[in-house]
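Have the coordinates open while you read.

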Amino acid sequence: DACVILREFYPYTQDYQDLRRVITDQWQDRLCLGFVLGENGRWELAQGELSIATKKARAIYDYRQYFENVGIRIAEFYLSHDRFQEALVIYEDALSRNPNNPYAKNKIEEISKKMELHMETLSEKEAPLDAGYQRAF
């Protein structure tokens, strides 16, 4: 399994070209490389690999098969790393192709709520100190 190999290999080298040499050019391996890069905070490279995996998988599968086998995995990976916008794009694309897709509709609602909560949390962290506390110093 390419994911296992990449995760075991990554501590020894983070060189992108070395990592590429360990896998094939199939969508499954490119997906794994994208996941490993993302797990290690290398989002620009991860998104490139996930994009390649998407293109390769969509060349093989019809959209429904792609979405069920690849798109959801990528979207859930993004969600697990609080990358809401990237996940939202995938589910919105699915909904635009099938407006009756209940799974995509539910995920869009779920992500929108998570984004609101995340923004509220950020706002609270960045909120100015109350006036009484500021005057004490």
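Predicted model: local features only at pLDDT ≥ 70, side-chain atom pairs only at ≥ 80, totals over all residues.

**Charges over rings**
- R83 lies over the face of W43, and the distance to the ring centre is 4.2 Å.

**Aromatic pairs**
- The structure holds 10 aromatic pairs.
- W27 and Y61 have ring centres 6.0 Å apart and planes at 75 degrees; over 60 degrees counts as edge-to-face, so that's what this pair is.
- W27 sits in helix α3 (residues 27-39), while Y61 is in the loop between α4 (43-60) and α5 (63-80), so the pair ties together parts 34 residues apart in sequence.
- W27 is buried, at 7% relative accessible area, whereas Y61 comes out as partly exposed at 25%.

**Disulfide**
- The count is 1 disulfide, and it joins C3 to C32 with an S to S distance of 1.9 Å.
- The link of C3 and C32 is left-handed, with -85 degrees about the S-S bond.
- C3 is in helix α1 (residues 2-9) and C32 in helix α3, so this pair links distant parts of the chain, 29 residues apart.
- C3 has 10% relative accessibility, and because buried means under 20%, C3 counts as buried.
- C32 is buried too, with a relative accessible area of 6%.

Key
Residues numbered from 1 in each chain as written. Heavy atoms only, no water. Phe/Tyr/Trp six-rings, centres within 6.5 Å; stacked < 30°, edge-to-face > 60°. Helix = DSSP H or I, 4+ residues; strand = E, 2+ residues; numbered from the N terminus. Buried < 20%, exposed > 50% of the residue type's maximum accessible area, 1.4 Å probe, protein only. Lys NZ or Arg CZ within 6 Å of the ring centre and 35° of its normal. Disulfide = S-S within 2.5 Å.
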